[in-house]
Amino acid sequence: MEIRGPLELPARREDIELRTADDLTLVGELSLPETAEPLATLVTLHPLPTAGGFMDSHILRKAAARLPALADLAVLRFNTRGTSSPRGTSEGAFDGGASERFDVAAAMEFVRERALPRPWLLGWSFGTELALKYGREHDVEGVILLSPPLHRATDDEVAAWAGDGRKVVVLVPELDDYLRPDEARERFSAIPHAELIAVEGGKHLWVGESQTRRVLTEVVAAVNPAALPLPTEWPSA
């Protein structure tokens, strides 16, 4: 069968809860390869909840549905404070990216407790702001930024990554609503080692199977390139 849309490939999936330092419970899910041990871990940070972003935003949901099987990756998804999804509602209230610092820390503490290997932060839109602002505080191999708007992360917070050897991979859609490739190159020039990938025809929401595959391919290229090319077919049962 063709791998596309909402198809969910085999994996070990577990509903989880995260506890923050300010005493909130966040709901989430951990997806692991069905039989193998994961080779790396994606800690996903979803788009803006006040604009409909949540742990099931489609690129993150498809990463969890496909990449444990296709690339031996663990995928951790969760709702930041005050955010709802079919999994449930995380306690607290949206704080514009400030108190969400504790949410990122709670996810990383879960990664440590479970001894999940080689964590990366995978942020999309608002999630990229959290990755840039708070990712340097944690033991991650790098950050992958999808459609970064750079509305909340300051120039100083971006430039701070220049002195950090960890990888910064930036996927910028050609037709993004907020930050397009030329401006992105200027804004991220403060990080000389950042890898900026301009995606021809891409849009902020990465709608459509071709854009989904492009994003997931670039994610795997950063985290486990030996798994490329990603299959487009899965054996029927």
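A residue is termed buried when its relative accessible area is under 20%. The legends below describe a predicted model.

**View 1. Buried residues of helix H2 and the elements that cover them.** The buried residues of H2 are Glu100, Asp103, Val104, Ala106, Ala107, Met108, Phe110 and Val111. Their cover includes the strands S1 (12-19), S2 (25-32), S3 (40-45), S4 (73-78) and S7 (119-124), together with helix H3.

**View 2. Packing of helix H2 against helix H3.** H2 (residues 100-114) and H3 (residues 126-134) pack at an angle of about 80°, and their axes lie 10 Å apart. H2 is therefore roughly perpendicular to H3, since angles of 65 to 115 degrees fall in that class. Glu100, Arg101 and Val104 of H2 meet Phe126, Leu130 and Tyr134 of H3 in this contact. Classified by residue type, the contact of H2 with H3 comprises four nonpolar, two charged and no polar residues.

View 3. Just after H2, alanine 115 adopts a positive phi of about 55°.

View 4. Threonine 41 is located in strand S3 and counts as buried because its relative accessibility is 0%. Setting aside residues up to four places away in sequence, threonine 41 touches Ala74, Leu116, Pro117, Arg118, Pro119 and Trp120. The side chain of threonine 41 reaches the backbone oxygen of proline 117 at 2.7 Å. Glutamate 174 is 133 residues from threonine 41 along the chain, and the C-alpha atoms of these two residues are separated by 28 Å.

Note on methods. Residues are numbered from 1 along each chain as its sequence is written. This is a predicted model: local features need pLDDT of at least 70, side-chain atom pairs count only at pLDDT 80 or more; totals for chains, interfaces and linings use all residues. Side-chain values use heavy atoms; hydrogens and water are left out. Axes are lines fitted to C-alpha atoms, for helices over the stretch in contact, and angles run from 0 to 180 degrees between N-to-C directions. Helices (H or I, at least four residues) and strands (E, at least two) are DSSP runs, numbered from the N terminus. Angles under 35 degrees count as roughly parallel, over 145 as roughly antiparallel, 65 to 115 as roughly perpendicular and the rest as oblique. Contact means heavy atoms within 4.5 Å. Ala, Val, Leu, Ile, Met, Phe, Trp, Tyr, Cys and Pro count as nonpolar, Asp, Glu, Lys and Arg as charged, and the others, Gly among them, as polar. Buried means under 20% relative accessible area, exposed over 50%, partly exposed in between (1.4 Å probe, protein chains only). A polar contact is a pair of N or O atoms within 3.5 Å; within protein, one must be able to donate a hydrogen and the other to accept it, and residues adjacent in sequence count only if both atoms are side-chain atoms.
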